[in-house]
Structure formats: C-alpha cells, structure tokens
Amino acid sequence: MKSGFLIDMDGVIYRENHLIPGAGDFVQALLATGTPFLFLTNNSAPTPEDLAVRMRHLGIPGFSARHFYTSALNAADFLSETDPDCTVYVIGEGGLLAALHERKIANDAIQPRYVVVGEGATTMEKLAKAHECIEAGARLLATNPDNWCPVSSAKTRPGAGATAAYLEASTGQRAYYVGKPNGYMFHRARRKLVELALGELEQVVMIGDTMETDIRGAVEAGLHSFLVLSGSTRLETVGDYVYQPTRVLQSIADLTTEVLTGQASDRLDSPAFTHGGSHAHRPGLRHQTDRFTFHKPRPRPAMTK
Ligand SMILES: [Mg+2]
C-alpha cells in the first residue's frame, strides 16, 4: 500500500533545538525508500528554505523547500484561491511576507481587504494600524490559532492566536484561523503531498504531538493520525479528548523499521523522549479555536461623542 506522511515538526522531529532520538533515522528511512512526506508546521515565521537550513543544522541534510508546508503558505494559498486580487496589511515575519509575495498578494496600508496576522513582529504601532484597517472594513485572518508556543521546557512565547485575540477584542470582529487544525491546511497539504508522490496515495498519515491541532485536524480531514508522546501530550490525557488518534507511539523512531520493511510495528518501548512536558498543565486555552464551541460575538458599545 502506498502511504504518505504529513509530519509535524516541533515535538516530533525536534524539541528545543535538539533532535528527538531516532528522528534522524526515521527521515533518512523516508528518503531512502522514496516514501512521500511533507513537514507541516503552524509556525508562520520561517520560510520553507529557513526550515531546510534549520534541519541541516540539527544534523538532517537532504531537504529542500518543497518538503515543508507552513501556516504562512496556507494563508497565502487560501487568499490566492478565494480572493486572488485582494490586498493585505500584514503583521508577521519573513515567512508570511514571502508567502504572500510569492502568490502576488499586494501589501496595502491604506485600504486593505484583509489584515493578516502571523507569528511575531507585533508592535503597538502595527496593532493600532491593523485596528484602524479592520474598523475601516478589512477582514481579519490569522495564520494559526496558537495562543502561545513553546520556546523551551520552561518558557513560552506569545503566538499568532494571541495577536489575533487582541484585535478581536479591540474591534469586535472575529478572526478566521487557517493552519492546523483547519481543514483547509490538511486539504492543501494532502494535495501537495500527492503532487510530491506523483500519483494518488492509498493512505495519508498525519504524525503529530498535539491533540487539538495535529490529531483533531487529521480526524476531521479523514486522514489517519499517529500521536507521538515525545512532545506536548502525556498518555494520561489522551482519553480526555472526543477525537482519538489511530495509533499512539512513544516517538517517531517507532516507525523507522515499519517504513523500511513495510511491516507494521507494535513496538511501544522505544527510547522515548522523556524531557519536558512542563506546559501540559499551563492554564488557559492553548489555541484560539479551542473556544469556538463557546462562540459569542463580542459587541462593543457604541462610541460616545
Ligand atoms: Mg508539535
């Protein structure tokens, strides 16, 4: 059976600038067997080229830009497909600016059709400008719903979801979030994977470490989902979710033999990455989309003269 893999990066391939044990062997096995795969990340800051360099520094050479699909590319694909002549005011880093530029979507700080929010680059001035644009009629789109992102086992940074939430609060408008778990992210990634494979795939598997984005998105897109325990999810919490992964693995290293031989592995005693997990009990919602079930408009009182 011809399988293809969509693979999350943080918590699956690396953690805090360290390769997860066995991850290098796994991706080398994919390359050696010609198994189609695509790295899928909600981080909209880097370009695919930046990610290829990052992988090389981690000790895994052999990747090019075509092996990566980011939420920035997904936002640019979404706009160029649904509203190709639109203009945008952007709060975001190089990866987002480059993706929009590539799809020929013009910047516009006067009367943009969309405010596009990605990771980083937020300043008070830019937020004020974005607020003005939305108030004048621009629609709000965010590259991903992550309120915060891990930096190390003891540190996080604010994510695009938090920036979008600021603008939702100030303008009373709701943002639309692309990136995982949005079905559009999985639909476009699957299409790109089929292009890379040069033909239809019988099975597409999403491998990820986060239930709310990787597993939920895969389930909703009708894909198989393998949860790895080398990142942000502890086995005890998996049962709390309505949606469940197809398989649970200690780490991506459990799949290496399977990729090489084609024989399904039941190995669950691999050298699991035991580090971290300290964000597991962090208070607050990790993703802006987590509160969709409690969707309420946020009306503002009329302005006083
Ligand atoms: Mg992850």
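Predicted model: local features only at pLDDT ≥ 70, side-chain atom pairs only at ≥ 80, totals over all residues.
Local features need pLDDT of at least 70 and side-chain atom pairs count only at pLDDT 80 or more, while totals for chains, interfaces and linings use all residues. Residues are numbered from 1 along each chain as its sequence is written.

The protein chain holds 10 helices and 15 strands. Helices (H or I, at least four residues) and strands (E, at least two) are DSSP runs, numbered from the N terminus. Of its 305 residues, 45% are buried, with 20 or more other C-beta atoms, placed from the backbone, within 10 Å of their own.

Six strands form an open parallel sheet, in the order β5-β4-β1-β13-β14-β15. Strands pair if DSSP finds at least two bridges between them. β5 (68-70) and β15 (247-249) are the edges; each has a single partner strand, so one side of each lacks a neighbour in the sheet. The twist averages 25° from one strand to the next. Three bridges join β4 (residues 37-41) to β5. Here Phe39 stands opposite Phe68 in β5.

The axes of helix α5 (residues 124-135) and helix α6 (residues 160-171) come within 10 Å and cross at roughly 50°. Axes are lines fitted to C-alpha atoms, for helices over the stretch in contact, and angles run from 0 to 180 degrees between N-to-C directions. Leu127, Ala130, His131, Ile134 and Glu135 in α5 meet Tyr166, Leu167, Ser170 and Thr171 in α6. Contact requires C-beta atoms, placed from the backbone, within 7 Å.

Terms used:
Buried ≥ 20, exposed ≤ 12 C-beta atoms within 10 Å, placed from the backbone. Contact = placed C-beta atoms within 7 Å.
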